[in-house]
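Me: I've got this one open on my screen. Can you walk me through it?
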Amino acid sequence: MEQLNYSVLKQTGYEGYILEQAPERVLQFGEGNFLRAFVNYWFDVANEKAGWNGKCVLVQPIDRGLSELINRQEGLYTLYLRGMEHGEKVDRKRVISSVSRCLNPYEEDGFREMMAVAVSDELEYIVSNTTEAGIVYDPACQMTDTPCASFPGKLTQVLYERFRAGKGGVVILSCELIDNNGKELLHCVNRYIDQWGLEDGFRSYVNEDCTFCSTLVDRIVPGRIRDEAEVARLNEENGYTDPLMDVGEVFGVWNIEGPAWLEEKLPFRRAGVNCIVVPDVTPYKKRKVRILNGAHTGFVLGAFLGGYDIVRDCMYDDAVSGFLNKMLFEEILPILPLPREDVEGFAAAVQDRFKNPFINHELLSISLNSTSKWRARNLPSFLDYVEAYGKLPRCLTMSFAACVAFFSSDVRELTEVGLVCHRAKGDCYTCSDDRWVLEFYWQHRNDSVEELVAAVMSNEQMWGRDLTQIPGFAAAVAEDLTRIREQGALAAYESCL
């Protein structure tokens with residue numbers, strides 16, 4: 001069976017949308033599964049639905065990557081978007097044709113081609129997802145490097161080449177998973193301007209003519225299908241082999257922080273995709289962290305102690321799903337700074353996402369670093385609720401008790417890997433967290449319920465404050481922890497309903 005390219009695709013009789021030739025309007029740093037299932041998908045839909053007529057040139061951010069494979073397939077790859085949508089199972093296939101080629105800037109020709117794209121009249125956007133560690137200032141980078149090791153260094157080289165050629169500014173869309181990603185990237189570029197002694201005119205070009213946008217991306221991308229039999233079946237159905245085959249959940253949203261004119265310039269609104277330009281992405285970041293991430297951290301620990309292992313299975317348990325719904329709709333949503341219709345729609349989509357029949361999202365994997373996660377994702381909602389209503393939120397309080405229960409359930413030993421505990425289902429499990437957290441629970445393994453709760457809640461290293469100072473909180477958590485231990489976590493969840 002032949003490998004995917006335009007000629008092979010035509011021979012299969014594929015009837016979906018394909019655009020073989022178009023101007024290269026996007027320079028994209030990153031060629032991995034996420035960007036190909038997210039950004040390149042958005043631009044592909046924009047080509048079909050909005051007549052955008054553009055291609056993306058991908059750039060490997062490091063010296064090892066997919067450039068050779070992408071170029072062998074002429075930029076084509078098969079994307080499957082899978083999940084639940086409005087309660088219905090969805091499995092959509094689309095061959096993506098918005099990618100023209102992929103450059104390896106660590107090769108002489110690749111670096112030269114990257115700089116040629118930089119000065120192109122067609123270039124409008126620079127997109128990046130170079131992981132959380134990608135937006136860093138490395139003082140070892142020099143203007144004469146071919147290329148700079150850091151992504152901000154490469155970007156400065158690209159923008160300076162474009163500036164020297166007298167070309168107009170571009171829009172930079174940063175997709176890295178850090179707060180204020182666009183602002184942080186601009187900060188790094190300005191540091192290179194200082195370090196390399198570049199002229200003031202270039203500084204004005206970067207800060208005034210170019211538009212650096214912080215963005216919030218949201219789509220789970222497992223990336224590849226691990227079942228070899230399923231891969232073989234799909235290849236047979238498609239009539240070609242595709243080692244670049246990509247998989248993402250059907251849900252996707254892209255919030256871009258930028259000026260009002262950018263929404264008209266970008267093709268996404270015209271294409272009808274879930275991408276909006278907003279003056280401040282912060283409320284949408286809070287929406288994602290508190291609803292999606294907060295829901296995960298808020299219910300999975302108790303569900304795991306109750307015997308469940310996969311997120312999807314939890315959604316069909318009345319006690320767990322009822323607990324989740326009450327926590328979301330009565331305790332988290334009312335205190336978010338967005339319209340009720342907006343947050344309710346997002347929460348409904350989250351429930352569909354949790355039911356995704358194609359992703360076996362393990363509760364134990366979500367439990368990694370639960371202490372810092374509960375502090376970042378759930379504690380702000382808890383505190384806002386207490387301030388707004390003058391009482392304890394019932395489900396978030398139980399969620400905190402479940403967090404304590406998870407780290408203290410019949411503790412067996414502390415190993416190099418983690419804290420080994422035992423759940424009612426009959427099996428041992430290993431808690432993974434910061435070492436000091438694990439050592440804390442090991443040291444308090446023989447405490448009474450009241451002693452343990454007092455020690456945990458007064459530990460300011462864990463929570464940034466002494467939680468015993470919140471009226472009634474310690475007593476409520478001690479009561480809930482006792483209920484979890486004596487009646488089981490599912491019965492404890494049901495008691496909140």
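Reply: One term to start with: helices and strands here are DSSP runs, numbered from the N terminus. Also keep in mind that this is a predicted model.

Me: OK. Where is E74, then?
Reply: E74 sits in the loop between helix 4 (67–72) and strand 3 (77–85).

Me: What is its phi?
Reply: Phi of E74 is near 55°, a positive value in a residue other than glycine. Most residues other than glycine have a negative phi.

Me: What about N180, what is its phi?
Reply: For N180, phi is also positive, near 55°. N180 lies in the loop between strand 7 (171–174) and helix 7 (181–195). Its relative accessible area is 38%, so N180 counts as partly exposed.

Me: And the peptide bond from T146 to P147, cis or trans?
Reply: That bond is cis, with omega near 5°. P147 belongs to the loop between strand 6 and helix 6 (151–164). Most peptide bonds are trans.

Me: Switching to strands. Which way do strand 1 and strand 2 pair, parallel or antiparallel?
Reply: Parallel. Strand 1 (residues 24–29) pairs with strand 2 (residues 55–59) over five bridges. F29 stands opposite V59 in strand 2.

Me: How many bridges join strand 1 to strand 6?
Reply: Four, and strand 1 and strand 6 (residues 125–128) run parallel. L27 has I126 of strand 6 as its bridge partner.

Me: How many bridges between strand 13 and strand 14?
Reply: Four bridges connect strand 13 (residues 419–422) with strand 14. In strand 14, T430 is the bridge partner of V420.

Me: Now helix 22. What should it span, and what are its end C-alpha atoms apart?
Reply: Helix 22 (residues 473–487) has 15 residues, and at 1.5 Å a residue it should span 21 Å. The expected span uses one less than the number of residues. The end C-alpha atoms of helix 22 are 21 Å apart, which agrees.

Me: Which residues of helix 22 are buried?
Reply: F473, A476, V477, A478, D480, L481, R483 and I484. An α-helix has 3.6 residues a turn, so residues three or four places apart point the same way.

Me: What covers the buried residues there?
Reply: The cover includes helix 12 (282–305), helix 17 (370–389), helix 18, helix 20 (449–457) and helix 23 (489–494). Just after helix 22, G488 takes a positive phi of about 100°.

Me: How much space lies in the largest pocket?
Reply: About 1,100 Å³. It is lined by 39 residues, and the closest to its centre are L177, V217, K288, N293 and R377. Strand 8 (211–218), helix 12, helix 16 (363–366) and helix 17 each give two or more residues to that lining.

Me: Which helix gives the most?
Reply: Helix 12, with seven residues in the lining of the largest pocket.

Me: How many cavities of 30 Å³ or more are there?
Reply: One. The largest cavity has a volume of about 100 Å³. Among the residues lining the largest cavity are I220, E249, L292, H296 and R353. Helix 12, helix 13 (311–314) and helix 15 (340–354) give two or more residues each to the lining of the largest cavity.

Me: Last one, N40. Buried or exposed?
Reply: Buried, at 0% relative accessibility. N40 is in helix 3 (residues 39–50).

Me: What does N40 touch?
Reply: Leaving out residues up to four places away in sequence, N40 touches Q28, L35, C56, L58, Y77, I96, S98 and V99.

Key. Residues numbered from 1 in each chain as written. Predicted model: local features only at pLDDT ≥ 70, side-chain atom pairs only at ≥ 80, totals over all residues. Heavy atoms only, no water. Pairing = 2+ DSSP bridges. Buried < 20%, exposed > 50% of the residue type's maximum accessible area, 1.4 Å probe, protein only. Contact = heavy atoms within 4.5 Å. 1 Å grid on protein atoms, 1.4 Å probe; cavity = no way out; pocket = protein on both sides within 12 Å on 5 of 7 lines; lining within 4 Å. Points joined across faces, edges and corners; volume = space filled by probe spheres on them.
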